[in-house]
Amino acid sequence: MQANFRDIARVLAEAGHEGPQGVLIDLGVSSFQLDSPGRGFSFRFEAPLDMRLDAAGEDETAAELLQRLSEEEIARIIFEYGEERRSRRIAKRIVERRTEGRPVLTTSDLTELVAAAVGYNKAQKIDPATRTFQALRIAVNQELEGLDRFVETAVDLLQPDGRFVAISFHSLEDRIIKRELRRLAGYCQCSARLPVCSCGARQAVEILTKRPLTARESELNENPRARSAKLRAARKLDQSQEGS
């Protein structure tokens, strides 16, 4: 069923499944989408700057987002979602082009703009536009919004002894998954300065992966895109164990 992961409770109810024995969320973007020349996900192909995972939807495209947002907001997105240190410089160039009547509309527009803003050395292993493209894709599709609530909802839906498994490809996603699983394993996430826990920590799961599992060398040889994949897993505790 095509739906947002945040709608898992509704999707399961409509499908007639009351309590799954396992939930697996794969947060990676499909290779078919990344390699589709017309979708605007990759700077390797000349295309309109779309980046919507649901191309038939009514959400804003990346180009429309860059037309609407302020310089400060564009810089924040590129810095937070792309972890790009030179986000302010890139955002300034984007707004300058917009003011001049030359908005960023295509993948090549954005690629050339980023290279001009931060410099480009052919010896670099990663294209300088990589982080900016990633940040805009995350923002356009709201990929991080509600991920924390999804983890808790999925765990609550599981049958006792059921497994929750998450595969992430970005440090921000992995951070959210790790934090929520720890909270649901009973580890308080509040500041030590607070007198009372307010994060809702409870013993609902047992964490099965002390550290995230990553791809072996043999797997990377077959699928290089797995290099950033991290897998975390947890087991749903019985009701009698929760809160103990």
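Ring pairs join F5, F150 and F164 into a cluster in this predicted model, in which local features require pLDDT of at least 70, side-chain atom pairs count only at pLDDT 80 or more, and totals for chains, interfaces and linings use all residues. Residues are numbered from 1 along each chain as its sequence is written, and side-chain values use heavy atoms, with hydrogens and water left out.

A pair of aromatic rings is described by the distance of the centres and the angle of the planes. Rings of Phe, Tyr and Trp (its six-membered ring) were taken to pair if their centres lie within 6.5 Å; planes under 30 degrees apart were classed as stacked, over 60 as edge-to-face and the rest as tilted. A search of the whole structure on these terms finds three aromatic pairs. In one of them, F5 and F150, the ring centres are 5.5 Å apart and the planes lie at 80°, so the arrangement is edge-to-face. Because F5 belongs to the segment before α1 (8–15) and F150 to helix α8 (residues 147–157), this contact ties together parts that are 145 residues apart in sequence. Helices (H or I, at least four residues) and strands (E, at least two) are DSSP runs, numbered from the N terminus.

Burial was assigned from relative accessible area with a 1.4 Å probe and protein chains only (buried, under 20%; exposed, over 50%; partly exposed, in between). F5 counts as partly exposed, at 23% relative accessibility, whereas F150 is buried, at 4%. The rings of F150 and F164 have their centres 6.2 Å apart and their planes at 50°, so this pair is tilted. F150 lies in helix α8 and F164 in strand β2, so the pair ties together parts that are 14 residues apart in sequence. F164, like F150, is buried.

Charged groups also sit over rings, a contact that requires NZ of Lys or CZ of Arg within 6 Å of the ring centre and within 35 degrees of the ring normal. The charged end of R6 is placed over the ring of F5, 5.5 Å from its centre. R182 lies over the face of Y187, at 4.3 Å from the ring centre.

Through F164, the description passes to the strands. Two strands pair if DSSP finds at least two bridges between them. Strand β2 (residues 163–168) pairs with β4 in the antiparallel sense over six bridges, and F164 stands opposite A234 in β4. Strand β3 (residues 205–207) also runs antiparallel to β4, joined by three bridges, with V205 opposite K236. Strand β4 (residues 230–236) is mostly covered, five of its seven residues being buried.
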